[in-house]
Amino acid sequence: MKLDALNWKILKHLQQNARVSNSEIGRQVGISSPAVSERIKKMEDGGIIHSYRTVISPFEAGYQLKAIITLRAFMGKLKPFLEKVKTYEEVLNCYRITGNENIVMEVVLRNQKHLETFIDQLISYGETKTQIVLSHVVANNSIQQVKPS
């Protein structure tokens with residue numbers, strides 16, 4: 001599906017607040033509410049919009065630590081890890097990456113002891129490196145329209 005400038009304006013509003021009404025988006029972009037609904041439906045059907053989520057503050061929800069953990073998988077352990085990581089409730093995001101490490105994960109943990117226990121589960125799959133997140137500098141930034149090169 002090709003996105004035109006109007007679709008990008010709609011996406012901008014949805015990325016800022018997915019609960020904004022179609023009539024409000026219509027007022028902002030200059031089309032009717034039914035036209036907004038139709039465009040959103042087409043973007044959902046086309047796989048451009050694939051979900052709507054609520055973002056929760058892990059610290060306000062009781063987690064004391066957020067960490068970035070990289071894993072360099074042992075020989076033959078990457079594929080089993082790729083299945084196992086889907087079962088860890090601590091993992092917010094997990095990416096398979098290029099470079100010396102195979103995996104980077106964003107995790108939330110109750111406390112330092114929870115971090116130690118979690119790392120103990122990971123070390124059977126490979127070598128880990130952990131960085132504790134101090135603060136967000138940029139979080140959940142909106143995807144912008146692709147500019148022609």
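N140 counts as exposed because its relative accessibility is 65%, where exposed means over 50% relative accessible area, buried means under 20%, and partly exposed lies in between, computed with a 1.4 Å probe and protein chains only. N140 also has a positive phi of about 50°, although it is not a glycine, and it is found in the segment that comes after β4 (126-132). The model is a predicted one, in which local features need pLDDT of at least 70 and side-chain atom pairs count only at pLDDT 80 or more, while totals for chains, interfaces and linings use all residues. Residues are numbered from 1 along each chain as its sequence is written, and side-chain values use heavy atoms, with hydrogens and water left out.

Read along the sequence, they follow the pattern α-α-α-β-α-β-β-α-β. The radius of gyration of the chain is 20 Å, well over the 15 Å that the globule rule gives for 149 residues, so the chain is more spread out than a compact globule; the radius is taken over C-alpha atoms, and the rule is 2.2 Å times the number of residues to the power 0.38. Along the principal axes, the C-alpha atoms fill a box of roughly 55 × 35 × 30 Å. Of the 149 residues, 31% count as buried, and the accessible surface comes to about 10600 Å², of which 50% belongs to carbon and sulfur atoms. These areas come from the Shrake-Rupley method with a 1.4 Å probe, and for residues only the protein chains shown count as cover. Among the contacts with a separation of 6 or more, 63% are made by residues 24 or more positions apart, a contact being heavy atoms within 4.5 Å.

Turning to the helices, the 13 residues of α3 (residues 33-45) should span 18 Å at 1.5 Å a residue, and the end C-alpha atoms of α3 are 18 Å apart, which agrees; the expected span is 1.5 Å times one less than the number of residues. The buried residues of α3 are V36, I40 and M43. They cover an arc of only 60° around the axis, which puts them on the same side of α3, the arc being that of the directions from the helix axis to the C-beta atoms. These buried residues pack against α1 (5-16) and α2 (22-29), whereas P34 and D45 are exposed on the other side of α3. After α3 comes G47, whose phi is positive, near 85°.

Among the strands, β1 (residues 65-73) has seven of its nine residues buried, so this strand is largely enclosed by the rest of the structure. β1 pairs in the antiparallel sense with β3 (residues 103-109) over seven bridges, where two strands pair if DSSP finds at least two bridges between them.

β3 in turn pairs in the antiparallel sense with β2 (residues 91-96) over five bridges, with Y95 opposite V104 in β3. β2 and β3 form a hairpin with six residues between them, and G99 in the turn has a positive phi of about 105°.

Technical notes. Helices (H or I, at least four residues) and strands (E, at least two) are DSSP runs, numbered from the N terminus.
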